[in-house]
Amino acid sequence: MYQYNQFDKHFVANRAKQFRSQVMRRLDGSLSEEEFRPLRLMNGLYLQLHAYMLRVAIPYGSLNSKQMHQLAYIAKKYDKDYAHFTTRQNIQYNWPKLKDVPDILDDLAQVDMHAIQTSGNCIRNVTSDHFAGASIDEIADPRPSAELLRQYSTDHPQFQFLPRKFKIAISGSPNDRAVIKSHDIGLLMKKDERGNLGYEIYIGGGLGRSPFVGKLLKDFLPKADLLPYIEAIMVVYNLNGRRDNKYKARIKILVHESGIEKIKQEVEEHFIEQKQNFKQPSDKLISAINERFKLPNFKQANIDNYEIELKQNAQFSSFVKNNISEHKNKDYSIISVSLKNIGETPGDATSDQMQILANLAKQYSHDELRISHEQNIILPHVHKSDLPEVFKELQKANLATNNIGLISDIIACPGMDYCALATARSIPVAKQIAKHFNELNLEEEIGQLKLKISGCINACGHHHVGHIGILGLEKQGKESYQITLGGEENLSMNIGKRAGPGFSSDELLPAIKRLIEAYLNLRQNPEESFLASYKRLGEKPFINALYPKEEKANVA
Amino acid sequence: MARKFIEKIVTANALLQGDVIYFTKQNVWSRNHQDAIIAHTIEQANELLEKAEQQQDIIVGAYLADVFLDEAKTASPLHFREIFRSKGPSNYFHGKQTKT
Ligand code: HEM
Ligand code: SF4
């Protein structure tokens with residue numbers, strides 16, 4: 001687990017105090033909104049359609065039960081008894097009052113949490129694999145590196161006024177679960193031929209209005225060189241990134257316009273320079289960080305009860321099939337708790353649910369919880385003998401939806417129900433689609449399918465990398481939805497292709513139904529996923545299903 | 001030919017609460033869309049906006065929003081974004097809709 005050192009504690013407490021006085025000065029009129037806005041954004045406070053929104057960082061998605069309890073308490077005390085978990089491993093409160101925000105920041109600081117670097121043109125909250133430290137396929141736990149980056153970038157003067165926001169993601173497993181290629185920098189931990197640890201580095205990925213797949217910058221960087229190398233990238237970006245146009249300011253545009261070879265060369269040159277004078281973190285610091293991410297003391301116990309329950313309880317075995325992933329320790333499991341209850345808002349959890357998850361983590365998961373970029377909550381270390389009991393508790397709390405990775409496990413951004421930038425709603429679309437396929441009992445039949453929805457071109461809902469992506473736009477004063485096909489989010493990341501003209505809110509569900517029906521008819525066998533069928537057959541049959549001929553004739 | 005002017009109101013968010021507010025005849029702010037003063041010409045609209053913007057110490061981000069008038073001359077929001085702003089989110093019974 002991460003813990004804050006004295007510097008962090010002091011810094012976070014100080015920031016909360018500073019913000020309290022900034023709020024006072026805004027309220028008494030000595031700060032104008034123009035002056036205040038950047039200050040509140042630095043503390044994660046946005047103004048949305050109906051209220052303020054506070055975005056709190058969950059560094060690399062890891063938290064303990066005490067922190068989760070505090071998040072629940074804040075939702076109860078200052079908000080409407082719930083909160084929203086986001087694709088960037090943050091938590092958002094949708095209804096805080098300005099005067100309460102300094103108190104909320106104090107409450108967060110008590111459990112070493114804050115809203116710093118969740119906004120603004122700085123290095124944002126570093127995101128990571130939500131199975132980090134637990135998954136069987138992991139080469140190394142990526143969180144010590146993420147923590148090192150966090151410490152290094154927090155309040156680093158050179159990185160507070162970058163041309164634009166900067167996002168880093170890191171995966172410790174070749175089965176990338178952190179969508180690293182959609183980030184400004186994506187890091188993949190790997191070993192060289194001699195077994196030394198290091199990173200494969202991608203640069204210039206991004207979603208938003210101009211999506212790009214990250215390009216390979218470095219095949220292998222030894223572990224110890226991480227910070228000077230990142231600094232070299234930041235220097236190149238700070239010097240050459242465009243500041244004249246907000247939409248051209250991300251590093252992805254620089255990489256695109258200059259070409260990866262030129263960037264590579266410049267980074268390498270600066271790296272040689274950086275490395276000579278770079279003040280590396282001390283061995284003591286590194287081992288202190290590593291110490292925090294030690295594996296828990298796994299218990300040994302008989303798992304016969306688990307095997308029996310699997311045979312006797314169909315609901316339990318279906319839950320295990322969909323929501324359980326393989327752990328490093330063969331007697332343990334990783335549980336993904338779906339926040340995609342059918343017909344409810346993707347990513348939302350009530351205070352009570354957060355408390356129950358905190359208690360379960362404390363009792364059954366070595367006090368650890370994770371937030372996934374797919375807006376679900378993970379219990380990373382659950383002994384198999386405890387699984388039946390945990391499942392029962394989840395069922396009682398309405399948290400046992402067994403749809404991980406299925407069509408109803410939809411990522412959706414807040415869209416026009418909350419977001420001031422939105423061009424259309426996304427939440428009702430997600431609810432409608434999930435409900436439809438659930439009612440027909442078709443989710444299992446359809447199998448693995450990633451459907452992702454954004455309420456505007458900023459793509460917070462990752463629609464570009466959905467196998468099916470939905471983008472909400474406005475057309476002639478009405479909500480209109482564009483469908484993209486064939487996106488993919490792992491190391492073979494691919495930007496989905498626009499299928500054709502948009503659909504009105506009424507036409508959208510029928511269109512998705514036709515698309516899924518076509519897939520079910522076209523697939524070679526039930527094991528062939530939607531994406532695999534799409535890759536095998538190409539877009540044509542799917543586009544024909546979306547836009548049947550007779551309708552075209554009607555339009556003409 | 002000059003396009004027909006679309007009637008407008010001034011709206012913003014309250015500084016303290018963050019919620020949606022509308023500028024009224026009395027130069028104060030109301031939580032209720034129906035209380036908004038309506039501008040019938042572009043000159044009136046700009047004048048209203050200027051007046052509203054003088055109250056920066058209690059509001060954030062004032063702007064003009066289009067409305068349409070029914071037969072009783074009651075103004076309703078024209079754009080769906082403004083309809084949502086006047087009601088609250090559609091996924092929960094929260095915000096303004098709970099008060100009417
Ligand atoms: C309502 C407050 C929000 C605002 C104002 C906002 C704003 C933005 C903007 C302007 C961009 C485009 C940046 C660019 O391409 O340069 C963006 C991208 C993004 N946001 Fe949000 N967003 C909000 C909420 C969210 C939420 C709720 C999530 C998670 C569910 C999220 C996750 C992301 C992600 C993953 C990206 C794309 C990655 C990239 O930067 O290329 N945002 N956001
Ligand atoms: S994609 Fe657009 S609508 Fe959705 S949260 Fe991001 S900025 Fe808002």
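**Close-up views of a predicted model**

The side chains of Arg40(A) and Glu33(A) make a polar contact at 2.8 Å; such a contact is a pair of N or O atoms within 3.5 Å, where within protein one atom must be able to donate a hydrogen and the other to accept it, and residues adjacent in sequence count only if both atoms are side-chain atoms. Welcome to a predicted model, in which local features need pLDDT of at least 70, side-chain atom pairs count only at pLDDT 80 or more, and totals for chains, interfaces and linings use all residues. Residues are numbered from 1 along each chain as its sequence is written, chains are lettered from A and ligands numbered from 1 in the order in which they are written, and side-chain values use heavy atoms, with hydrogens and water left out.

**View 1. Arg40(A) in its helix.** Arg40(A) belongs to helix H2 (residues 33-42) of chain A; helices (H or I, at least four residues) and strands (E, at least two) are DSSP runs, numbered from the N terminus. With a relative accessible area of 3%, Arg40(A) is buried (buried means under 20%, exposed over 50%, partly exposed in between, with a 1.4 Å probe and protein chains only).

**View 2. The iron atom of ligand 1 and Cys460(A).** Here SG of Cys460(A) is the only protein donor of the iron atom, at 2.2 Å. Donors are N, O and S atoms within 2.8 Å of the metal (3.2 Å for Na, K and Ca), and water is not among the atoms, so sites may look incomplete. Look for Cys460(A) in the loop between strand E17 (451-454) and strand E18 (468-475) of chain A.

View 3. Among the 23 residues around ligand 1, Gln48(A), Thr87(A), Lys167(A), Leu207(A) and Cys460(A) come nearest; a residue counts as near if one of its heavy atoms lies within 4 Å. A side-chain N or O atom of Lys167(A) is 2.8 Å from an oxygen atom of the ligand, and a polar side-chain atom of Arg250(A) lies 3.0 Å from an oxygen atom of ligand 1. Leu207(A) brings a polar backbone atom to 2.9 Å from an oxygen atom of ligand 1.

View 4. The residues around ligand 2 include Cys413(A), Cys419(A), Cys456(A) and Cys460(A). By class, this shell has eight nonpolar, three polar and no charged residues. Ala, Val, Leu, Ile, Met, Phe, Trp, Tyr, Cys and Pro count as nonpolar, Asp, Glu, Lys and Arg as charged, and the others, Gly among them, as polar.

View 5. The structure holds 17 aromatic pairs over all chains. In one of them, the ring centres of Trp95(A) and Tyr418(A) are 6.5 Å apart and the planes stand at 80°, so the pair is edge-to-face. Rings of Phe, Tyr and Trp (its six-membered ring) pair if their centres lie within 6.5 Å; planes under 30 degrees apart count as stacked, over 60 as edge-to-face and the rest as tilted. The partners are 323 residues apart, and both are buried. The charged end of Lys80(A) sits over the ring of Trp95(A), 4.8 Å from its centre (NZ of Lys or CZ of Arg must be within 6 Å of the ring centre and within 35 degrees of the ring normal).
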